[in-house]
Amino acid sequence: MRQFALMVLAWVSLISYALAAQPNVLLICVDDLRPELGCYGSRSVSTPHIDALASRSRLFTRHYVQAPTCGASRCTLLTGRYGPAGNNALFELAKRRKQDGEAVPPSMPEYFRGKGYTTVSVGKVSHHPGGRGGANWDDDNLNEMPGAWTRHLMPTGLWKHPRGAMHGLAHGEIRASEKGKMAVFQATEGTDDIYPDGLIVEESLRQLDVLTSEDKPFFLAVGLIRPHLPFGSPAKYFEKVSQLPLLPIPHPEKPTWPSTWHGSNELRQYQLWEKDPLKDPSFADEIRRHYYACVTYADANVGRLLEKLAATKGADNTIIVLWGDHGWHLREHAVWGKHTLFEESLRSPLLISTGQLKQPGEATEAVVETIDIFPTLCELTGLEKPAFVQGVSLVPQLNDPNATGHAAFSYSGKTRTILTDRYRLIAHPDKAGTMELFDHAVDAGETRNIAETQPEIVSALLKELDQRLPPR
């Protein structure tokens with residue numbers, strides 16, 4: 001009997017060791033983050049912490065999200081699959097799953113949880129900070145991702161609830177329903193926790209203490225809200241960027257052809273003091289500076305996370321992914337915001353750091369997609385890639401920055417796009433069959449629609465688009 005007990009104990013110890021030896025995952029999601037960071041060549045922002053991470057990561061210069069809106073983009077990140085196009089994408093999947101448990105595959109955190117990981121989210125990881133629905137996004141009975149998280153947390157402090165924190169300004173100010181009441185930007189004296197992200201990071205640091213003290217691998221996802229509107233940050237971060245150079249806005253004109261252009265309504269619901277950033281260059285520059293201040297604030301929060309991780313015993317065995325959920329127009333194509341299928345909305349930062357990385361600090365120009373992150377993390381952690389995942393592993397690019405990529409597919413509503421190494425095709429769902437085609441070899445800004453003069457290229461790309469993303 002004693003011998004049997006010793007055998008059982010040995011097996012338990014072996015299993016515990018195997019789980020502990022599996023790499024941890026730290027996933028950092030940053031809202032509305034353009035690939036405009038120091039490590040991406042920008043001189044308008046101060047991002048020393050992300051730049052330092054980039055020096056030991058693979059930086060993807062041509063990473064594209066599946067949708068230019070928070071909810072749908074995060075849905076593809078967290079499921080590894082093309083999904084619904086709206087901000088309620090994850091709630092739609094949860095509802096469908098409740099009706100038929102076999103209809104919706106497990107999400108990435110649920111899959112990792114089923115393989116022995118402790119999964120924790122803090123802040124805005126899914127669309128709603130904290131991952132819940134209801135009037136104030138705090139109803140425990142309405143989960144965006146049922147079964148995904150061991151703990152899903154959203155500290156709200158003075159903002160009282162996640163809905164308030166999502167669009168909050170300093171010291172608990174909450175966006176009201178009245179249009180134009182809350183300032184579009186703000187720089188307030190104080191510490192980092194006078195804005196919600198400071199609280200999100202404080203809780204994340206506490207979670208790192210707990211997770212790294214346990215003998216289980218962890219999957220910790222931290223979602224930072226800034227630089228999402230309104231552009232509020234502690235004044236010290238505005239001071240950091242106030243004297244940095246601002247480059248002229250490229251291609252600021254509205255497209256003259258049918259496109260996914262829009263009137264920047266998300267920005268215009270805030271207080272603009274009767275100024276128009278499409279007509280007032282100095283006001284446009286003010287908005288840009290406050291956006292960059294928010295990016296610098298986000299960078300400082302990333303730095304706090306990385307510093308804490310480095311001080312733990314899990315530091316050498318943790319994969320770090322930094323991901324932006326989509327880009328953001330700063331007046332390119334006469335748009336302030338996201339929600340287009342132009343380059344500015346769909347391209348976002350992606351950095352992956354792992355102890356086994358070859359040629360750390362080298363960037364790759366391979367075209368890749370957000371849905372590739374799930375299978376990448378599976379391969380890096382030694383887990384089997386689930387058959388339901390639609391992306392491909394990025395380990396080839398991690399092993400060799402010169403490895404080729406693959407076409408990227410995105411959508412907004414029923415409008416679809418494919419991006420190859422050279423071309424972007426945008427297919428509209430109207431009866432006229434409106435197409436946009438851009439040749440990035442000569443027109444990286446997507447300012448000349450050549451669809452009418454290149455029917456053979458349009459036809460070939462449309463065929464590939466239909467195979468991957470059939471018309472909705």
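Ile 371 is in contact (heavy atoms within 4.5 Å) with Gln 66, Thr 76, Gly 80, Arg 81, Tyr 82, Gln 390 and Gly 391, neighbours within four places in sequence being left aside. The residue lies in the loop between S14 and H12; helices (H or I, at least four residues) and strands (E, at least two) are DSSP runs, numbered from the N terminus. With a relative accessibility of 0%, Ile 371 counts as buried, where buried means under 20% relative accessible area, exposed over 50% and partly exposed in between (1.4 Å probe, protein chains only). Ile 371 and Arg 74 are 297 residues apart along the chain, and their C-alpha atoms are separated by 9.6 Å.

The model is predicted: local features need pLDDT of at least 70, side-chain atom pairs count only at pLDDT 80 or more, and totals for chains, interfaces and linings use all residues. Residues are numbered from 1 along each chain as its sequence is written, and side-chain values use heavy atoms, with hydrogens and water left out. The mean pLDDT of the protein, the predictor's confidence in each residue from 0 to 100, is 95, and 96% of the residues reach 70 or more. Over residues 4–20, however, the pLDDT is below 50, and this stretch has 7 contacts in the model beyond near neighbours in sequence.

An open sheet of 8 strands shows mixed pairing in the order S6-S3-S8-S1-S10-S13-S2-S14; two strands pair if DSSP finds at least two bridges between them. Strand S6 (151–153) and strand S14 (363–369) are the edge strands, each pairing on one side only. From one strand to the next, the twist averages 15°. Strand S2 (residues 58–64) pairs with S14 in the parallel sense over 5 bridges, and Tyr 64 has Glu 369 of S14 as its bridge partner. Helix H12 (residues 373–381) packs on this sheet and touches strand S1 (24–30), strand S8 (218–224), strand S10 (318–324), strand S13 (350–353) and S14. The direction of H12 makes about 170° with that of S10; axes are lines fitted to C-alpha atoms, for helices over the stretch in contact, and angles run from 0 to 180 degrees between N-to-C directions.

Helix H3 is mostly covered, with 10 of its 10 residues buried. Among them are Cys 70, Ser 73, Arg 74 and Leu 77. The buried residues of H3 pack against S1, H4, helix H5 (108–114), S10, H12 and S15. H3 is followed by Gly 80, which has a positive phi, near 70°.

Helix H3 (residues 70–79) packs with helix H4 (residues 89–99) at an angle of about 55°, their axes being 7 Å apart. The two helices are therefore oblique to each other; angles under 35 degrees count as roughly parallel, over 145 as roughly antiparallel, 65 to 115 as roughly perpendicular and the rest as oblique. Gly 71, Ala 72, Cys 75, Leu 78 and Thr 79 of H3 meet Ala 89, Leu 90 and Leu 93 of H4. This contact of H3 with H4 comprises 6 nonpolar, 2 polar and no charged residues, where Ala, Val, Leu, Ile, Met, Phe, Trp, Tyr, Cys and Pro count as nonpolar, Asp, Glu, Lys and Arg as charged, and the others, Gly among them, as polar. Ala 89, Leu 90, Phe 91, Leu 93 and Ala 94 are the buried residues of H4, and they pack against H3, strand S4 (132–133) and strand S5 (139–143).

Residues of the contact include Val 201, Leu 205 and Leu 208 of H7, and Tyr 297, Arg 304 and Leu 305 of H10. By class, this contact of H7 with H10 has 6 nonpolar, 3 polar and 5 charged residues.

An open sheet of 4 strands has antiparallel pairing in the order S15-S16-S17-S18. Its edge strands are strand S15 (408–412) and strand S18 (435–439), each of which pairs on one side only. S17 and S18 run antiparallel and are joined by 5 bridges, and Ile 426 stands opposite Glu 436 in S18. Thr 420 lies in the loop between strand S16 (415–419) and strand S17 (423–427). At 18% relative accessibility, Thr 420 counts as buried. Apart from neighbours within four places in sequence, Thr 420 is in contact with Arg 62, Val 367, Ala 407 and Leu 461.
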